[in-house]
Amino acid sequence: MSPGVWAPPRWRSSIATPPNSNFGVTTREVYLYFRPDTTSVGFRLENRLGVGIKIYWDESTFLDVYGRSFKAVHRGVNYDNKDQPQEPTYVAPGQTYADF
């Protein structure tokens, strides 16, 4: 790339199991859908269980194409505070949670 020329970032994503092209994983327990774009990776989680699910953000990571691990940051967290503890998110039975 020439100096001073901006190019949008390129994204490559994959779901290891099961392999598919719709960015989603469906089981009896959950439906999990990922949608990458140029600024974030959005997701939607549908809780199909009869009990709640907690998303522990402090234990959630994002792997880039080089295998480097980064702490996941979700909606409502300022980037400057990304290294601070984040409250878990509770997804009630039958509820759908979406972020970014």
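View 1. The model is predicted: local features need pLDDT of at least 70, side-chain atom pairs count only at pLDDT 80 or more, and totals for chains, interfaces and linings use all residues. Residues are numbered from 1 along each chain as its sequence is written, and side-chain values use heavy atoms, leaving out hydrogens and water. β2 and β3 run antiparallel, paired over seven bridges. Four residues separate β2 from β3 in this hairpin. Strands are DSSP runs (E, at least two residues), numbered from the N terminus. Pairing requires at least two DSSP bridges between two strands.

**View 2. β1 and β2 form a hairpin.** Three residues lie between the two strands. β1 covers residues 24-26 and β2 residues 30-36. Their antiparallel pairing has three bridges. T26 has Y31 of β2 as its bridge partner.

**View 3. The largest nonpolar core holds seven residues.** They are F43, L45, I53, I55, W57, V91 and Y97. β3 (41-47) and β4 (53-55) each give two or more residues to this core. Such a core is a set of buried Ala, Val, Leu, Ile, Met, Phe, Trp, Tyr and Cys residues joined through side-chain atoms within 4.5 Å. V91 touches L45, N47, G52, I53, I55 and Y97 (heavy atoms within 4.5 Å), not counting residues up to four places away in sequence.

**View 4. N47 sits in strand β3.** N47 counts as buried because its relative accessibility is 1%; buried means under 20% relative accessible area, with a 1.4 Å probe and protein chains only. Its side chain reaches the backbone oxygen of V51 at 3.0 Å. Beyond four places in sequence, N47 touches residues including E29, P93 and Q95.

Key. Buried means under 20% relative accessible area, exposed over 50%, partly exposed in between (1.4 Å probe, protein chains only). A polar contact is a pair of N or O atoms within 3.5 Å; within protein, one must be able to donate a hydrogen and the other to accept it, and residues adjacent in sequence count only if both atoms are side-chain atoms.
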